[in-house]
Each structure stands twice: as structure tokens, then as C-alpha cells.
Amino acid sequence: MSHLQDEIQSQPTVLANLLDKQRAHVYTIAEAIRDFNPAFVMIAARGTSDNAARYAQYALGIRAKLPVALATPSVHTLYDTTPKLSNALVIGISQSGQSADVRQVIRDAKAQGALTLSITNDPESPLAMSTDYHIALGVGVEKSVAATKTYTGELLAISMLVQALTESPYDDLAQVPQWVDDTLSLNTSIKDWAQRYRYINRLATIGRGYNYCTAFEISLKIKELCYIVSEQYSEADFRHGPIAIVEDGFPVIVVAPQGKPQPQMLDLLTQLQSKNAECLVVSNDDKALATAQNAMRLPAIPEWLSPICAVIPGQYFAMYLAGERGLNIDEPRNLNKVTSTE
């Protein structure tokens with residue numbers, strides 16, 4: 001077993017641990033945020049953590065009614081300029097907590113009096129030590145270069161914060177580890193059909209709403225592990241031009257669990273079928289799954305938490321496809337586990 005496979009399969013356990021260890025602390029953070037009463041949220045992140053930030057845009061925006069923007073760290077570093085952040089909650093998300101540009105955003109925000117929070121897997125990291133509050137993922141060392149358990153840990157940490165801010169029932173969060181375990185069990189067959197795509201050199205991944213981030217993260221895993229050109233889109237944006245790339249046999253991963261975007265996703269799947277696209281569908285909806293050349297099934301789960309599960313079939317697919325292509329699953333070329341940018 002590769003480190004990557006072990007880390008994918010460890011996600012139910014590490015997420016259960018995160019829920020257990022950080023629940024009370026997250027409530028404390030939520031109280032501090034309410035007291036500060038931010039006008040908006042700014043999130044600084046890179047790579048996989050930036051995809052977690054995309055989830056936060058929807059989860060905090062819809063459920064906590066907080067407008068969320070993604071920071072542009074180069075404004076702070078390359079251009080030596082500081083936007084007005086004094087009345088913001090500024091969050092830095094980073095697996096390692098090492099990236100200099102994310103830390104600069106936090107430093108600039110804190111100097112203005114903003115409330116700062118970090119989410120990392122290393123509570124002793126420079127980023128964690130620089131913020132007013134910190135949520136430690138505690139998922140253990142991630143030995144493979146491609147992030148899996150740290151990503152779902154970031155999503156869960158964000159959802160815990162949203163739950164605490166809204167004081168909504170905790171029952172759904174408590175079920176997340178079981179839903180993740182169910183997702184793993186439902187998708188063991190991916191290894192049997194991944195070889196069908198061994199020779200593809202391009203594909204698209206589509207999501208919308210809460211799962212806009214999932215399209216980005218699945219696409220990133222395929223790029224990192226399989227060296228395939230994978231483009232990610234919102235379902236709405238895909239219709240505004242990029243759909244022209246679809247031709248006979250063109251592979252499209254469509255993330256379409258039950259939820260508000262479902263009518264639009266089903267309509268898109270119908271269009272893709274009419275163009276003879278090769279649809280790989282991540283869903284818990286029978287109508288969506290019926291359009292798939294190959295289906296990646298999800299358990300019944302509330303839409304706002306579905307990204308924690310929906311990414312997992314994509315992790316499996318990228319891993320198995322990389323194996324079929326004879327690639328190094330744990331150490332993809334040109335990549336390091338910790339990337340620090342300025």
C-alpha cells in the first residue's frame with residue numbers, strides 16, 4: 001500500500017479525532033468572532049488550501065451570512081500594499097503553516113487590528129504562532145506529497161466553525177466520519193475501471209455551489225498525480241464558452257450531489273450526453289448517476305457537508321489512474337511536500 005492510499009483510507013479516523021479534540025476550542029473561537037463582529041472575512045491560502053477557502057466562501061456566506069473574499073497575497077508581498085482589513089476576520093489556511101506570503105497577509109491584517117485565525121496541521125508553525133486563534137487539524141504526518149487527509153481536515157475545521165457560529169445542531173457533523181467511511185466503501189470499484197482512462201491527456205471537472213471547491217480539488221489531484229491537463233469550472237461558467245471543448249469521448253468529471261444546483265447539473269449532464277462526452281459522475285442522485293459512463297457514489301449527506309465526501313472518489317480516481325500510468329504515486333515529479341511562496 002502506498003502512503004497515499006493509507007492516508008486516503010485513514011480519513012474517517014483522523015476526522016473523528018479532529019471533531020473530538022477541537023470542538024470546544026472552536027466554540028471559543030466562534031464566540032470571539034461574534035464579539036468582534038467582522039464586516040467580512042478574508043482568507044489567504046495557496047494550492048489545496050485555497051480550494052478549502054473556496055468551500056469557506058459558500059459555507060460561511062450561506063450559513064453564517066458572512067461575505068468571504070479570497071486574498072491576493074501578491075498585493076501584500078510583490079506590490080507592498082495593504083488593503084483595508086481592520087474590520088475583517090482574516091483567516092490563513094495552510095497545511096504546513098510555512099508559506100511566507102500567507103503569513104504576510106496575516107501580519108498586515110493584525111497590524112491594522114483585524115481578528116486573525118489560522119488553520120494548519122502544525123500548531124508550532126510560523127503561521128499558527130502568528131494569529132490570535134488557531135485550529136489544529138491534528139491529522140498526523142502526511143507522507144505523500146499530494147494532500148488528502150489535510151484537505152478534508154481543513155473542510156471539516158471550516159464546517160465546525162460554521163456550525164459553532166450558527167449554533168446549529170451538531171448531529172450532522174458527528175456523522176461525518178461515518179459518511180466518509182461509507183464513501184470509501186462505495187468507491188472501491190474505481191480501481192477496476194480507472195485503466196479505461198490511462199491514455200487520456202485532458203479532461204474537465206465541473207461543480208457548483210458548495211462543490212465548486214470539489215471540482216478544483218479533484219482537478220488538482222489529477223494534475224499532480226497523473227500529469228494530465230485538467231481544467232476546472234463552475235457549471236455556469238462552463239456553459240459560457242468552455243463547453244466548446246467537448247467532443248466525442250471527451251472525459252468530464254461532474255460533481256453533482258443532491259442539493260440546490262441539482263437541476264442545473266442534470267441539465268448539463270443531458271447536454272454532455274448529447275455531445276457524446278464521457279461522463280464520470282460523483283453523486284448520490286440516481287438521475288445523475290444514470291448519465292455516467294462510470295459512477296462515483298456518495299451516501300446521503302446534507303449538501304453543505306457533501307464536499308468532505310465528494311472529493312474522496314476523485315482522490316481514489318487520481319491515485320488509481322496514476323498507478324495505471326506507471327507513475328510515482330507518493331512523490332510526483334517537480335513537487336515538494338512543503339511549498340513556500342513569497
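Here are some notes on the predicted model shown above, point by point.

1. Ground rules. Residue numbers run from 1 along each chain as its sequence is written, and side-chain values use heavy atoms, with hydrogens and water left out.

2. Overall build. For 342 residues, a compact globule would have a radius of gyration near 20 Å, and the 19 Å of the protein chain agrees with that (taken over C-alpha atoms; the rule is 2.2 Å times the number of residues to the power 0.38).

3. Packing and surface. Of the 342 residues, 58% count as buried (under 20% relative accessible area; exposed is over 50%, partly exposed in between, with a 1.4 Å probe and protein chains only). Take the contacts between residues at least 6 apart in sequence: 76% of them join residues at least 24 apart (contact means heavy atoms within 4.5 Å). The chain exposes about 13600 Å², with carbon and sulfur atoms supplying 47% of it (Shrake-Rupley method, 1.4 Å probe; for residues, only the protein chains shown count as cover).

4. Charges. There are 28 positive and 36 negative side chains, and the centres of the two sets lie 3 Å apart. Lys and Arg count as positive and Asp and Glu as negative, while His and the chain ends are not counted; each charge is placed at NZ of Lys, CZ of Arg, CG of Asp or CD of Glu.

5. Helix α15. This one covers residues 306-324, and its end C-alpha atoms are 28 Å apart, in agreement with the 27 Å that its 19 residues should span at 1.5 Å a residue (the expected span is 1.5 Å times one less than the number of residues). It is mostly covered, with 17 of the 19 residues buried. Just after α15, G326 takes a positive phi of about 70°.

6. Helix α11. Here the 15 residues should span 21 Å, and the end C-alpha atoms are 21 Å apart, so that agrees too. α11 is mostly covered, with 14 of its 15 residues buried.

7. L225, worth a click. L225 sits in α11 (residues 212-226) and counts as buried because its relative accessibility is 1%. Leaving out residues up to four places away in sequence, L225 touches L4, A146, A318, M319, A322, L327, I329 and P332.

8. T183. This residue is in helix α9 (residues 176-186) and is buried, at 0% relative accessibility. With residues up to four places away again not counted, T183 touches R297, L298, P299, C309, I312 and P313.

9. Two backbone spots to check by eye. E167 has a positive phi of about 50° although it is not a glycine; it lies in the loop between α7 (149-166) and α8 (171-174) and counts as exposed at 61% relative accessibility. Y227 is not a glycine either, yet has a positive phi of about 60°. Y227 is found in the loop between α11 and β7 (229-234) and is partly exposed, with a relative accessible area of 24%.

Methods. This is a predicted model: local features need pLDDT of at least 70, side-chain atom pairs count only at pLDDT 80 or more; totals for chains, interfaces and linings use all residues. Helices (H or I, at least four residues) and strands (E, at least two) are DSSP runs, numbered from the N terminus.
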